[in-house]
Amino acid sequence: MTAEAALRALLGGALIGVAAVIVLIANGRIAGISGVLGRALETDDDDGRPFRLGFLVALIATGVIGAQLLPNAFGANIAGTAQLAIGGALVGVGTTLGNGCTSGHGVCGISRGSKRSVVAVMVFMATAMVTATVRGAL
Amino acid sequence: MKPTTAAIAGVVFALGLMLSDMTSPGRIAAFLDLGGAWDPTLMFVMAGAIAVYAPFAWLARKRSRPLFARRFHWPEETAIDLPLVGGALVFGVGWGLSGLCPGPALVAAGTGRVETLVFVGAMITGIVAMRLLSVKRA
């Protein structure tokens with residue numbers, strides 16, 4: 001890893017932190033993507049709808065514009081359609097059941113010192129590492 | 001103000017993921033795959049995000065309400081239970097198979113790549129299915 005890559009990673013992470021701070025201080029909510037997306041899909045949403053839609057539309061729109069302006073920021077996928085379909089389904093089921101993903105448990109939960117989040121991160125890091133290592137060896 | 005601050009947060013979140021190369025599944029896979037040339041980028045991203053978020057989360061705990069909402073929506077669950085651990089376990093397998101978690105997947109959907117869109121579609125299907133099941137249970 002080059003010093004430049006490390007610096008970009010720290011700065012990019014800091015930006016993610018800033019975004020999560022805005023969500024907390026302005027809107028009083030946790031910037032967990034799986035939770036924001038899952039609740040946005042519910043029909044009997046609470047008063048969080050303006051926040052959820054504003055956040056998600058901006059997130060996705062930035063990806064659309066970013067893909068045009070900075071295509072190099074989007075490296076190739078590591079697997080074909082079938083494997084990504086299975087992966088996507090498992091990510092959707094797992095984050096809903098476990099109430100969070102890399103942002104909600106990983107960034108926000110660990111920052112708050114949540115025991116649930118610390119356990120969740122240890123479990124999903126472990127199974128992701130086993131899965132990716134086996135996948136890499138095959 | 002609510003949708004505006006939410007949209008700003010969505011843009012900043014997506015830019016952070018792009019800057020730190022979390023929108024490249026190969027970068028995630030290189031962190032998770034312990035058998036190959038290990039890439040610590042993801043750890044730096046998490047460290048940058050937590051360093052920024054943790055002090056603000058601590059400060060927010062002392063305030064009674066956020067700037068533009070009636071109250072803070074802090075997660076209320078505290079139990080380390082089977083759904084938490086099982087969900088994290090399943091999420092990790094999906095993440096390890098694909099190199100995509102919810103935030104980067106939504107941003108990378110902007111590339112319009114078919115496999116990425118299939119991942120996002122499967123993820124949303126998984127989320128909706130689990131939410132329907134839990135509604136039935138309750």
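The buried residues of helix H3 of chain B pack against helix H1 (3-27) and helix H5 (102-112) of chain A, together with helix H2 (25-32) of chain B. A residue counts as buried if 20 or more other C-beta atoms lie within 10 Å of its own, as exposed if 12 or fewer do, and as partly exposed in between; C-beta atoms are placed from the backbone. Helices (H or I, at least four residues) and strands (E, at least two) are DSSP runs, numbered from the N terminus.

This is a predicted model, in which local features need pLDDT of at least 70, side-chain atom pairs count only at pLDDT 80 or more, and totals for chains, interfaces and linings use all residues. Residues are numbered from 1 along each chain as its sequence is written, while chains are lettered from A and ligands numbered from 1 in the order in which they are written.

Stay with H3(B). Among its buried residues are Thr41(B), Leu42(B), Phe44(B), Val45(B), Ala49(B) and Tyr53(B). An α-helix has 3.6 residues a turn, so residues three or four places apart point the same way. The helix covers residues 41-61 of chain B, 21 residues, and at 1.5 Å a residue it should span 30 Å. The expected span is 1.5 Å times one less than the number of residues. The end C-alpha atoms are 30 Å apart, which agrees. H3(B) also has a kink of about 30° at Tyr53(B), shortly before the proline Pro55(B). The bend at a residue is the angle between axes fitted to the seven residues ending there and the seven starting there.

Now look at the chains. Chain A has six helices and zero strands. Chain B has six helices and zero strands too. The C-alpha atoms of chain A fill a box of roughly 45 × 35 × 30 Å along the principal axes. For chain B the box is roughly 50 × 40 × 30 Å. Buried residues make up 57% of the 138 residues in chain A. In chain B, 53% of the 138 residues count as buried.

Next comes the place where the chains touch. Two residues are in contact if their C-beta atoms, placed from the backbone, lie within 7 Å. The contact between the chains takes 104 residues from chain B and 101 residues from chain A. The side of chain B that touches chain A divides into 66 nonpolar, 27 polar and 11 charged residues. Here Ala, Val, Leu, Ile, Met, Phe, Trp, Tyr, Cys and Pro count as nonpolar, Asp, Glu, Lys and Arg as charged, and the others, Gly among them, as polar.

The largest nonpolar core has 85 residues, of which Ala19(A), Ala20(A) and Ala49(B) touch the most other members. The largest share of this core, 13 residues, comes from H1(A). Such a core is a set of buried Ala, Val, Leu, Ile, Met, Phe, Trp, Tyr and Cys residues joined through C-beta atoms within 7 Å. Not counting residues up to four places away in sequence, Ala20(A) touches Ala31(A), Val107(A), Cys108(A), Ala49(B) and Tyr53(B).

Finally, turn to two loops. Most residues other than glycine have a negative phi. Asn99(A) has a positive phi, near 60°. Asn99(A) lies between H4 and H5 of chain A. Asp21(B) has a positive phi of about 65°. Asp21(B) lies between H1 and H2 of chain B. Asn99(A) is buried, with 22 other C-beta atoms within 10 Å. Asp21(B) is buried, with 23.
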